[in-house]
Amino acid sequence: MTSTGSLLNKPKSVVRRIVNVLFAVVLMLLGAALMITSYQQVDADEELARTGVHVAGTITYFSDARKASNRDITVEFVAADGVNRYAHAPLGS
């Protein structure tokens, strides 16, 4: 009969260790890829803010359904050419 302590200290098989290491490597690579992608998106947003067309406008309706949990807003407006357009922006405190 074996004790509970000896069952918990059972050595892992070589295959299980390899799978664990591969899983850890995949998670680290995925994290790095997501970080690079997010930095590229921030750069694209900043480029658009620098080179985009700036127009004056008034926000006529704002709904903070999540009670400030996310301060990003979407603004819908009609452009000079009559097309409905949307803009996303962070809302300052």
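The following legends describe an overall view and several close-up views of a predicted protein model.

**Conventions.** Residues are numbered from 1 along each chain as its sequence is written, and side-chain values use heavy atoms, with hydrogens and water left out. In this predicted model, local features need pLDDT of at least 70 and side-chain atom pairs count only at pLDDT 80 or more, whereas totals for chains, interfaces and linings use all residues.

**View 1. Overall arrangement of the protein.** The protein contains two helices and two strands, which follow one another from the N terminus as α-α-β-β. Helices (H or I, at least four residues) and strands (E, at least two) are DSSP runs, numbered from the N terminus. Of the 93 residues, 2% count as buried; buried means under 20% relative accessible area, exposed over 50%, and partly exposed in between (1.4 Å probe, protein chains only). Among contacts (heavy atoms within 4.5 Å) between residues at least 6 apart in sequence, 3% join residues at least 24 apart. The accessible surface comes to about 8,800 Å², and 63% of this area belongs to carbon and sulfur atoms. Accessible areas come from the Shrake-Rupley method with a 1.4 Å probe; for residues, only the protein chains shown count as cover.

**View 2. Confidence along the model.** The pLDDT, the predictor's confidence in each residue from 0 to 100, averages 77 over the protein, and 69% of the residues score at least 70. Confidence is lowest in helix 1 (residues 4-8), with a mean of 58, and highest in helix 2, at 88.

View 3. V21, V25, M28 and L29 together form a nonpolar surface patch of about 400 Å² accessible area. Such a patch is made of residues with over 30% relative accessible area and no salt bridge, nonpolar side chains (Val, Leu, Ile, Met, Phe, Trp, Tyr) being joined within 5 Å. V25 lies in helix 2 (residues 14-51) and is partly exposed, at 36% relative accessible area.

**View 4. Salt bridge between R50 and E47.** The structure holds two salt bridges, each a side-chain nitrogen of Lys or Arg within 4 Å of a carboxyl oxygen of Asp or Glu. In one of them, the side chains of R50 and E47 meet at 2.4 Å, N to O. Because R50 and E47 are three residues apart in helix 2, about one helical turn separates them. R50 is exposed, with a relative accessible area of 57%, while E47 is partly exposed at 37%.

**View 5. Salt bridge between D81 and R85.** The closest N and O atoms of D81 and R85 are 2.8 Å apart. R85 is partly exposed, with a relative accessible area of 37%.

Conventions. Patch = residues over 30% accessible without salt bridge, like charges linked within 9 Å, V, L, I, M, F, W, Y side chains within 5 Å.
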